[in-house]
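Trainee: Before we use these labels, I would like to see how each one is reached.
Mentor: Then let us take them one at a time.

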Amino acid sequence: MSIGIWQIIILAIVIGVLLGSGYLGIYIAKQNPKFKKFLTTKNVIIISLVYIVAVSFISGKNVAYGFGAIFTPYVITLINSVFRNKFKFKNTFDDKFYPFFMGLLVFAFISTTLSAIF
C-alpha cells in the first residue's frame, strides 16, 4: 500500500485547517480581553463537558462518541503547545493553550453538526 500525492495533499489541508482554527481562537482571545478573562480552567472544563453532551445528542450516538470527539482537539492542542514552547513541558498550559483549544472545539462542533445534518 503506497501513499499517493493526493493523500499527502489532503492531510496537509486537514492539518492546516485544524491549526488555522486554533490560531484563530488565539487571535480572537488576543483581540477581546473580556473573552480571555472568561477562559479559566473551570470554565473550559464546563464548556468541554457541555461539548461532550451536545456532540453525543447531535450525532445520535452514545456518550463514548462525545468523549472521542473531545479527545482529538485536546491532543492536538497538547502537541501544538509542546512544539510552540520548544519542548519545555513546564510551559505546556500557557496563556495560549485555552484559546487554541476553544478554537479547535468550535471548529469540531461545527464539523460534527454539519456531518449530522448532511
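What follows is a set of questions on the rings, the pocket and the core.

Mentor: This is a predicted model, in which local features need pLDDT of at least 70 and side-chain atom pairs count only at pLDDT 80 or more, while totals for chains, interfaces and linings use all residues. Residues are numbered from 1 along each chain as its sequence is written, and side-chain values use heavy atoms, with hydrogens and water left out.

Trainee: Why is Phe 97 called buried?
Mentor: Buried means under 20% relative accessible area, exposed over 50%, and partly exposed in between, with a 1.4 Å probe and protein chains only. Phe 97 has 1%, so the residue is buried.

Trainee: How do you know which class Tyr 74 belongs to?
Mentor: The relative accessibility of Tyr 74 is 33%, so Tyr 74 is partly exposed. Tyr 98, at 18%, counts as buried.

Trainee: What makes the pair of Tyr 74 and Phe 97 edge-to-face?
Mentor: Rings of Phe, Tyr and Trp (its six-membered ring) pair if their centres lie within 6.5 Å; planes under 30 degrees apart are stacked, over 60 edge-to-face, and the rest tilted. The structure holds 7 aromatic pairs. In this one the centres are 6.1 Å apart and the planes stand at 85°, so the pair is edge-to-face. The pair links distant parts of the chain, with Tyr 74 in helix α4 and Phe 97 in helix α5, 23 residues apart. Helices (H or I, at least four residues) and strands (E, at least two) are DSSP runs, numbered from the N terminus.

Trainee: Why is the pair of Phe 97 and Tyr 98 called edge-to-face?
Mentor: Their centres lie 5.4 Å apart and their planes are at 80°, so this pair is edge-to-face. Phe 97 and Tyr 98 also belong to one aromatic cluster with Tyr 74, Phe 93 and Phe 101.

Trainee: What classes of residue make up the lining of the largest pocket?
Mentor: Ala, Val, Leu, Ile, Met, Phe, Trp, Tyr, Cys and Pro count as nonpolar, Asp, Glu, Lys and Arg as charged, and the others, Gly among them, as polar. The lining has 9 nonpolar, 2 polar and no charged residues. Its members include Thr 41, Ser 48, Tyr 74 and Phe 97.

Methods
1 Å grid on protein atoms, 1.4 Å probe; cavity = no way out; pocket = protein on both sides within 12 Å on 5 of 7 lines; lining within 4 Å.
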